[in-house]
Each structure stands twice: as structure tokens, then as C-alpha cells.
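Please keep the sequence and the coordinates at hand while working through them.

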Amino acid sequence: MVILLGSTGYIGKEFKKQLDALGVETYCPSRNDYNYYQLETLKQIIHEKSATFLINCAGYVGMPNVDECEYNQDQVRLANVSLVQTISKACLMMDIPWAHISSGCIYNGESTGANGFTEKDMPNFTFTQGNSNYYSMSKSSAEEIIQHMGGQYYIWRFKLPFDQYDSPKNLISKLMNYNMLFAANNSISHKGDCVKYCLQLWQQKADFGIYNVVNSGSISTKEITDKINKIFGINRTFKFFENQDQALSLGAVRAYRSHAVLDNTKLRKALHPKRIRPAIKAIEHSLKNWKEVEEDKDDNGIPKSFWD
């Protein structure tokens, strides 16, 4: 039995879908039924379901973007830091392995490595190391907690997730909806690809630890917008900020953004290099198969994934 937290969120839905396709028995507790932020409650769930693995996709990312986290720091700390500490304790006490969905947005700028930041590089996009944002800080803090507490865990880092389905949390949708963009080079994570890679790591009993779960290579914002114009057959002029300071001064954003390339060599070695799709190919496939999907909303018109 696998316990999946945050199963209604943008990433969590994909985990549920793929676990079901694999025939893996999965239990997805709802916060309406269980307050799994409480240690004893979570331990009880693990015991009653005889769970052998737990995946944490729950977290607070902000809507429509991470700027919203700056205004709701208490909720960010609760969902992205305190909950992670509770899960880590519960899994240690119940002696089960688990996985945490983290973010590559704990890095920014150029790395010293030839292929980007590796899993061994210390996060450099934190308040203690320069300009950052509250979301990135919370994800970095969560990783520190997990590593300090130890046990059998995976930390799976995604960055700028997307696929072929229109969604407020899809990188492609965001690029098409914003008035101005950042001209940056990044690693990106095709949602379906990267959830599959995570589950393969688990199924193949890969070494525990941190993995940069991103498509191979990097891609610039300009490359993506050029592909949007070409594949959609449009001629839109995308406008770009000169730099992050300009975006802040114009009031377009409230906090700095992470722009970084992650090295996925460890992931490729654990699976197989040919299994990891290049970033540019994943973008092209998503655009060629683009579909508009209405996201599930609650009675107040707020996307349900907002609360995961």
C-alpha cells in the first residue's frame, strides 16, 4: 500500500494516475477526513493501511504564482516545512521509506558544473545567500530537515513542470498568459515523464537520496516561445524584461525568481540515458498535442489544487 499525500494537486494527480495504471494499491487521505499534519494522526494512517511507502506531493505553491506565497508565509511554512517535518518523523517512527516532491527552484544563476547544479551542490537561492523568494526558501528548509532527520527517503526535485494540458500551473500556459517574460535558461520537468522516472526509481529500488528529476538538457524561454509561434501557427510578439530588477521595479513581480539548470546525470545513470527525454522534445510534443482542460474548482470557483 502506498500513501499519497496531495493527490488532487498538479503533480499529485499525475502520481495517482500512474500508480493506478501500474496496479499499485494507493490510499489518498483527504484533509477533510484526516488532519495528517498531526504526527499521531499520520502514524495512525500508516499503521491502519499497512503502508510500505509514502509519497508527499502536498505543499503550498501560490496562485497564480509564487508571489502569492509572500503574502501567506504562515501557510507556506505550515505546508512546505512543518508538514515535511511531521512526515519525516512519522516515517522514521513507523520504519517505512518515503519520497518528497521538492523543487529545483532552490538554485539560481550559473553553476560551476558543466551540466548545471548537481544534487551535491548546496542551495544558493535562499535568504541567507542572497535575493530569493519565500517559496524557494521553504523548499530548501524542507530538504535540510529531511537530510538532518535521516532515514530511508527520496527527494525528487522537479523544475517548472508542464505537459500538453492547459493549466494555471503549466509552464507553457504561464508563458502564454503573462504580458512580459524573463529571458532565462532553465531545466524543465515534463509532468508525465518525470512522475514516471520517479516511480521507476522506486520500483527499481534505486539508491535513496536526492535526484534532480528534469528532462535532459536545458531550454531558454525564447526557444519555448519560438516553438509556440511555430507549432501553433501564430505570430505573437513575446516581450521580455531586461532583468529581474526591472520586473520588480515595474511591480510585475513581488519576489525574485529562480533561473537555473540542473544536472540530471544521477537520474540518467540510475535509469538509462535513453529513457530520459530531452527538454526540447518534451516541449515540442506538448505543443503538438495541446489540449485545453478545465481545472476542477470548488464551490467558490477556486481550483481544488490550490489547497494541496
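**Exercise 1.** Does Y154 count as buried or exposed, and at what relative accessibility?

*Solution.* The model is a predicted one, and the relative accessibility of Y154 in it is 2%. Because buried means under 20% relative accessible area, Y154 counts as buried.

**Exercise 2.** Classify the ring pair formed by Y154 and W156 from the distance between the ring centres and the angle between the planes.

*Solution.* The ring centres of Y154 and W156 are 5.2 Å apart, and the planes meet at 20°. Since planes under 30 degrees apart count as stacked, this pair is stacked. W156, for its part, has 0% relative accessibility and therefore counts as buried.

**Exercise 3.** Which geometry does the aromatic pair of F53 and Y154 adopt, and which parts of the chain does the pair tie together?

*Solution.* In the pair of F53 and Y154, the centres are separated by 6.4 Å and the planes by 75°, which makes the pair edge-to-face. F53 belongs to strand β3 (residues 53-56) and Y154 to strand β5 (residues 153-158), so the pair ties together parts 101 residues apart in sequence. F53 is buried, its relative accessible area being 1%.

**Exercise 4.** Over which rings do the charged ends of R31 and R254 sit?

*Solution.* The charged end of R31 sits over the ring of Y37, 3.9 Å from its centre, while that of R254 sits over the ring of Y71, 4.3 Å from its centre.

Notes. Residues numbered from 1 in each chain as written. Predicted model: local features only at pLDDT ≥ 70, side-chain atom pairs only at ≥ 80, totals over all residues. Heavy atoms only, no water. Phe/Tyr/Trp six-rings, centres within 6.5 Å; stacked < 30°, edge-to-face > 60°. Helix = DSSP H or I, 4+ residues; strand = E, 2+ residues; numbered from the N terminus. Buried < 20%, exposed > 50% of the residue type's maximum accessible area, 1.4 Å probe, protein only. Lys NZ or Arg CZ within 6 Å of the ring centre and 35° of its normal.
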